[in-house]
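Thanks for asking me to look this one over. Have the model open beside you as you read.

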Amino acid sequence: MQFNHFSGFSLAAVSIVLAISACSEQPASPLALTSESTAITAAELAAGQDLQIAFMPDIHFHDIYANFSDGAFAGLPNSLSGKHATIRSMAAQLKSTRLFNENYFALLAALDDAAARGIKLIALPGDFSDDGQPLHIRGLAAILQHYSDTYGMQFFAAPGNHDPVRPFSRPAGKSDYLGADGYEQPIYSPGSAACAGALPVAQSHSKLSTICSEDVKELGYKEIMAQLAPFGFYPQPGYLYWETPYSDYSALNYNFRQASEQATYSQRQYEICLQGTGGRYKQPGYSQCSRVPDSSYLVEPVEGLWLLAIDANVYLPQADGNGYTGAGNAGYNRMFSHKTQVTDWITQVVQRAEQAGKTLIAFSHYPMTEFYNGQSAAIAAQFGADSFQLARRPADNVSQLLAATGLKLHIGGHMHINDTGISRSPNGKVLVNVQAPSLAAYVPAYKLVTIKPQQKVEVQTVVLDDIPRYNELFEHYQQEHNRLTQQGLPLWNKAILTAKNYREFTNWHLSELTRQRFLPQDWPAPLRDSLLALNGRQMLVLSQLQSSLAVTPLLAELPTLQQSQNWQQATAAADTLATEAGFTLQQFASWNGFDLAVDFYRLRNAGQLALQDISPQRLAQYQLLTRLLAAKAETGSDSFARQFGDVFQLLQAFRHGESDMHFMLDLTNGSISELSR
């Protein structure tokens, strides 16, 4: 299907019902009735069709052709689409861990791919929007409804820390939309500091004044759940079963009317305090308590399958009583202390699923296990405890508590990485956590889960290499780059506009992200500076140097060192080692420290999916250096060998983890068998 933009497109029924839903506690039912006609039927399953669920987290949907309801911003005329683009700047994209614009096309391609495979169930484990603005939620709802109507798809969303950003709506906006003549265009909502005149009306590098529109405020739970009501957040007539942690019925006495009555927004709130969960869990001395929403739900869309959508957002009250903190770093580390009613409910759901013989698959935005192949401690030691988003890692005891609930399979997102993790509780229960990649980052992909007989589950990673229209916005980026050049401002690498397909585009995005953000923020300056000054040949020679070498004075000493007899002897030894391994020193010189850093992040983010973008020859050279530097580090106090050796050890660990591309999971014991790639 060639999907032409329709945020602007809006079925009359969709726009009417969404408008009604946004103003009421319980969503109106006309839109919900469409689910009854699109539900997967028992006849389809009896005909031998595989039961498959696609998991697509971290879409970060940004409606690039959205129409501002108040006409505040017309956008940029696009020669290829004939529409007006409402996009963020390339400079903004290349400093963010997610793309803002091209993931629009990636979502359409992923849904088209799912439609071609006959997949009817699609789960969205959080960050389905990029900060929950009305502009983008409207567009997302229209797209999901289109695929529901056209292909009979059912969508099940769970919220992430970007949808909503806080529990309740608040003024917001961005300073880096792309405006006229390649300048960044500030657009904020009324009530924000920018629109109140507390901030300069023009940025230092922009001549464009701030635009104010309610369409860019950040919506809270009430509005997002209402506008996306048919997509899991509220019961639908076609569901066989649906409940929340706050329901008082069971599958034995289930009916749609009762479920709808208990699904209202006001009945899905709980008390949270600064110190922990309130309500019946509240302890003496708890303070700063308030009621906030929780959108968790359990749904049975087809006979025998329970999908558990966990709202793992924990917005802690601020100590000064002025609002809430963000949820990005809380995750499951805060769930057991501050959302106890949900973790208790998870245990109950697992027990009921086992008693009823249901296949239970959980999904949420946050990872339930460590996601760096067991290397978090090594990363903290090398780069610092606050690096690499380690604050988002669930503690080992938390992962064990999650395994102890009896959950066997969970699909998460948030980290934009491809990974498989396993946690075992003290009583022997096994939890497999599948981290699904993001369509908005490297490598763009989604996870496809197929239910098999005898409690087997096949997990496949579907990579989207070539996406139609991925370069539709390049003309606007070209104008932006021209403007930056004219003003003498820092440039992003224009080579990204030569990308031949979407995967290559995301590869360039990761490269620029490494250059502009990861290396400056994550790497200690001495290690980073030495890394960027060396190539592979020099690293190999240094591994054979017959003296200890420190990272800190390396750059100052290198010119003199390379003229020494010690260096000549080390070069001869390196040449011999390279030859024995089937290489030449010149082949090692073909890559440098920045190439190594990019490969490091490729493997960290994508695991086995990254192997397509790194030559086997270079991987073998990395492996040789890993061994040689480890051996040199053992012989003395050589900080160069130790620190560079640790980098190579991490790179190898990122490459060799649990199967993360295509495997079979046995739910009876948590064992994983790798399948063909």
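Here are my notes on the nonpolar cores and the aromatic side chains.

1. Please keep in mind that this is a predicted model. Everything below is read from its computed atoms.

2. The largest nonpolar core holds 128 residues, and Met56, Ile122, Leu308, Ile310, Ile361 and Phe363 touch the most other members. Helix H5 (residues 103–116) supplies the largest share of this core, with 10 residues.

3. Beyond its neighbours within four places in sequence, Leu308 is in contact with residues including Tyr297, Trp345, Val349, Phe363 and Leu407.

4. There is also a second, separate core, made of 62 residues. Among them are Trp567, Leu596, Leu624 and Leu628.

5. On to the rings: the count comes to 36 aromatic pairs. Phe156 and Tyr239 make a tilted pair, because their planes stand at 40 degrees, with centres 5.8 Å apart. Phe156 belongs to strand E5 and Tyr239 to the loop between helix H8 and strand E9, so this pair ties together parts 83 residues apart in sequence. Both Phe156 and Tyr239 are buried.

6. Tyr241 and Tyr254 have ring centres 4.9 Å apart and planes at 65 degrees, so they count as edge-to-face. Tyr241 lies in strand E9 and Tyr254 in the loop between E9 and helix H9, so the parts tied together are 13 residues apart in sequence. Both Tyr241 and Tyr254 are buried.

7. One aromatic cluster includes Phe371, Phe518, Trp523 and Tyr601. The charged end of Arg604 sits over the ring of Phe518, 5.2 Å from its centre. Elsewhere, Arg88 lies over the face of Phe100, at 3.8 Å from the ring centre.

Technical notes: Residues are numbered from 1 along each chain as its sequence is written. This is a predicted model: local features need pLDDT of at least 70, side-chain atom pairs count only at pLDDT 80 or more; totals for chains, interfaces and linings use all residues. Side-chain values use heavy atoms; hydrogens and water are left out. A nonpolar core is a set of buried Ala, Val, Leu, Ile, Met, Phe, Trp, Tyr and Cys residues joined through side-chain atoms within 4.5 Å. Buried means under 20% relative accessible area, exposed over 50%, partly exposed in between (1.4 Å probe, protein chains only). Helices (H or I, at least four residues) and strands (E, at least two) are DSSP runs, numbered from the N terminus. Contact means heavy atoms within 4.5 Å. Rings of Phe, Tyr and Trp (its six-membered ring) pair if their centres lie within 6.5 Å; planes under 30 degrees apart count as stacked, over 60 as edge-to-face and the rest as tilted. A charge sits over a ring if NZ of Lys or CZ of Arg is within 6 Å of the ring centre and within 35 degrees of the ring normal.
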